[in-house]
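Biologist: Could you take a close look at the aromatic side chains of this model, and go through one part of it with care? Please give the cut-offs as you go along.

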Amino acid sequence: MNVYCTVRPVTPDDPRVPALLSAYHLRTEAEKGVPVASAAELPPAYRAEALDPATAFAADTVLLAVDEADTAVGLVVLTAPHQDGVPEIKRLWVAPEARGKGAAAALMDGAVDHATRAGAPAVRLSVWLWRGRAIALYRRLGFETVRPWDDRPGLLCLEKPLRTAAGSDTPARIERLAAARIRAHAPDGLAALLVDAVDGGASLGFLAPLDPAEAADWWLTVADEAERGARTVWTAHGPGDVVLGAVTLVPGDKANGRHRGEIARLIVHRGARGQGLGGRLLAAAEEHAAGEGLTLLVLDTQTDSPAERLYRRAGWTAAGTIPDFAADPAGTLRPTTLYYKRIGPLPRTE
């Protein structure tokens, strides 16, 4: 089952918070090699958080990720700013059954967005070195290693500077769209995004100038595919719910190819480029694919396009180039480079 989650702030005394904090701390103690059976047996500071979060986080912001059934599937805490004005992200936790479906990234986006709107110059966090997947997520979101403020062995300290100016500098929200939301955005936001990309020279299967009605019709087709599980869509939204970017994932539909998926139509509006949206959208699709059990992703892109730099930075490998593969929006034939990325172990064949 896919988790389509939304992130919302709650008060620390929300009845769903203690169970999530308890799960986080019990797992952490087990990873440290000192497992305990219940929250009551946790070390005092952690026990206080799990049993009385209303007091422990009275000055902080608690965000919950909830699925379509309004079930809490994850949590993160953003502390009140420290003396230098920088808040800290703590206690990021996603229930095991909800992992790999974008909840962690959504919680992080929510925490960073909250800090930015509050005017913070940066946001920081610390993470145990053994949590490789979490560290990879943080780095994809722009966190960099800084001088440690906590000298416990095995702890990595990271920080992300924030741009707090109004308007386009506010971090975009990454959202997985259900079919109904795709249809709602198709006539305006999504169509305008596709038109901007094609008219700007992006090779996406269309010729310029692209008719907005044709672009909207394509997105309506995508909505139908999403409804039957043949394609998954993520979008980046700015202030006022303006659509700034999108990416889709198409799972393999052949009996011998259900271990793989294709990244298709990664688009960022020309006015929103340079903010890391392409990398965040790509990371959301990759995380979802891994959660669905896919082990291999593929894509193709116009050779020597700016998108190639993004894919290489994200760990994709070029498999080869095909000359004169597709016409660019102006109608000129261009070469295309094929890329792949392993996101899990090789599938078993026996």
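Modeller: The charged end of Arg 99 sits over the ring of Trp 93, at 4.7 Å from the ring centre; a charge is counted in this way if NZ of Lys or CZ of Arg is within 6 Å of the ring centre and within 35 degrees of the ring normal. This is a predicted model, in which local features need pLDDT of at least 70 and side-chain atom pairs count only at pLDDT 80 or more, while totals for chains, interfaces and linings use all residues. Residues are numbered from 1 along each chain as its sequence is written, and side-chain values use heavy atoms, with hydrogens and water left out.

Trp 93 is buried, at 9% relative accessibility, where buried means under 20% relative accessible area, exposed over 50% and partly exposed in between, with a 1.4 Å probe and protein chains only. The structure holds seven aromatic pairs, and rings of Phe, Tyr and Trp (for Trp, its six-membered ring) pair if their centres lie within 6.5 Å, with planes under 30 degrees apart counted as stacked, over 60 as edge-to-face and the rest as tilted. One of these seven pairs joins Tyr 24 and Trp 93, whose ring centres are 6.5 Å apart and whose planes stand at 90°, so this pair is edge-to-face. Because Tyr 24 lies in helix α1 (residues 17–32) and Trp 93 in strand β4 (residues 88–94), the pair ties together parts that are 69 residues apart in sequence; helices (H or I, at least four residues) and strands (E, at least two) are DSSP runs, numbered from the N terminus. Tyr 24 is also buried, with a relative accessible area of 10%.

A further pair is made by Phe 206 and Trp 218, with ring centres 6.2 Å apart and planes at 90°, so this pair is likewise edge-to-face. It links distant parts of the chain, with Phe 206 in the loop between α6 (179–199) and α7 (212–227) and Trp 218 in helix α7, twelve residues apart. Phe 206 is buried at 10% relative accessibility, and Trp 218 is buried with a relative accessible area of 16%. Phe 206 and Trp 218 form one aromatic cluster together with Trp 219.

Returning to charges over rings, the charged end of Arg 124 sits over the ring of Trp 149, 5.1 Å from its centre.
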